[in-house]
Amino acid sequence: MTDTVKLVSLAVATPEHVIFQKQAVEASARLFADRFEDFRHLARVFDSAGIEKRHAARPLAWFDEPHGWHDRMQAFAEVAGGLFVEAAASALRQAGLEAGDVDCVVTVSSTGFTTPSLDAQLAGRMGFRPDIERVPVFGLGCAAGVSGFAIASRLARSRPGTVVLFVSIELCTLAFRLDELTRPNIIATALFGDGAAACVLRSGEGGLAEVESTGEHLFPDTLDIMGWKIDDGGFGIVLAQSLPPFAEKELGPAVKAILARNGLRVEDIDRFICHPGGTKVLAAMESALSMVPGTLDHERAVLAEYGNMSSPTILFVLERALRAGLPARAAMIAMGPGFSASCVTLRRVA
């Protein structure tokens, strides 16, 4: 048995409710324009975000009313649970496996939580074995789609033959705040959507792609770039205006260092698969990694159709890249709170 880890399957899922960008800007204007004098200036972000629609855990009318922790986490448990089952069951079905075949499940989310964790809450519904290992991970934000994938792949590599299920779930819209009259809150309202993705990873033959290397970079003194401000009302977005220029300046050296630790160069990568945090961030990533503007076409397509779903978004991009035909070597790149960058390189399976 080879110790090479393969991505065996990949499935995505979204909540039933759909919010078109026109609806989002109209609702935001109704809720904020009379209370926040900068709203009309900031509202331009709805047009420049590159988003046509996104999916949401709750219908648009739900956001007209204030909600506290109880409402938000009740909605998270209900909707995230359904998405977990849908995405995981689909990934297992594609892999020709059943839930009882799963040895370890890695679950990432930064937009809600339950205790016991979702994997335990859903163990009976899924049909997991009693001896399954559970690794719930919170707080990695947008980077978790890559860093969680990396964790799952390393667990699969450490025990050849082990079936590792990786699930990424984010319900970003549940963090919407009526009481936050701030620039970051308006931008978040224009950008974020909800979704989930699941992968099966296992060492052995076959699969969709080979996991070649993983790595991360934590930038010093950058805690204020992205994250949550947590108070009695729930999560409040922390999102610095300096993020795109920071990414343009700092991402390239960080990715080069990660690749170098794995014996690779930027020139060895045939296709970067990037987390589409927004149109400005995508342009900054293209510049930082010396790509021709517009190269990240799958990323822009996913952003337009789903918005920024945080961690699962890059797996939606990977799913499109796989359908289009993965090149010889690709690198998944995502940035998140910390501030950090995560990278996983994939090789095409012959």
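This is a short chat about the structure above.

Me: What kind of model is this, and how are residues numbered?
Reply: It is a predicted model: local features need pLDDT of at least 70, side-chain atom pairs count only at pLDDT 80 or more, and totals for chains, interfaces and linings use all residues. Residues are numbered from 1 along each chain as its sequence is written, and side-chain values use heavy atoms, with hydrogens and water left out.

Me: Which domains does UniProt place here?
Reply: The unreviewed UniProt entry places "domain: Chalcone/stilbene synthase N-terminal" at residues 7-203. UniProt positions use the numbering used here, feature names are shortened, and annotations may be inferred rather than shown by experiment.

Me: Tell me about S12. Parallel or antiparallel to S13?
Reply: Antiparallel, over eight bridges. S12 covers residues 329-336 and S13 covers residues 340-348. Ala330 has Leu346 as its bridge partner in S13. For Ile333, the partner in S13 is Cys343.

Me: What sits between those two strands?
Reply: Three residues, in a hairpin. Gly338 in the turn has a positive phi of about 150°.

Me: And in what sense does S11 pair with S12?
Reply: Parallel, over four bridges. Phe272 stands opposite Ala331 in S12.

Me: How many residues of S12 are buried?
Reply: Eight of its eight. Arg329, Ala331, Ile333 and Met335 are on one side, with Ala330, Met332, Ala334 and Gly336 on the other. Buried means under 20% relative accessible area, exposed over 50%, partly exposed in between (1.4 Å probe, protein chains only).

Me: New topic. How many aromatic pairs are there?
Reply: The structure holds 13. Phe63 and Phe176 form one that is edge-to-face, at 5.8 Å centre to centre and 90° between the planes. Rings of Phe, Tyr and Trp (its six-membered ring) pair if their centres lie within 6.5 Å; planes under 30 degrees apart count as stacked, over 60 as edge-to-face and the rest as tilted.

Me: Where are Phe63 and Phe176 in the chain?
Reply: Phe63 is in the loop between S3 (53-56) and H4 (69-95). Phe176 is in the loop between S6 (164-171) and H8 (183-191). They are 113 residues apart, and both are buried.

Me: Why is the Trp69 and Phe235 pair edge-to-face?
Reply: The ring centres are 5.1 Å apart and the planes are at 75°, so the pair counts as edge-to-face. Trp69 is in H4 and Phe235 in S10 (residues 234-239), 166 residues apart.

Me: Are those two buried or exposed?
Reply: Trp69 is partly exposed, at 25% relative accessibility. Phe235 is buried, at 3%.

Me: Which residues form the aromatic cluster?
Reply: Phe32, Phe39, Trp62, Phe63 and Phe176. Trp62 is in the loop between S3 and H4 and is buried, with a relative accessible area of 16%.

Me: Last one. What span should H4 have?
Reply: Its 27 residues should span 39 Å, and its end C-alpha atoms are 37 Å apart, which agrees. The expected span is 1.5 Å times one less than the number of residues. Just after H4, Gly96 takes a positive phi of about 70°.

Note on methods. Pairing = 2+ DSSP bridges.
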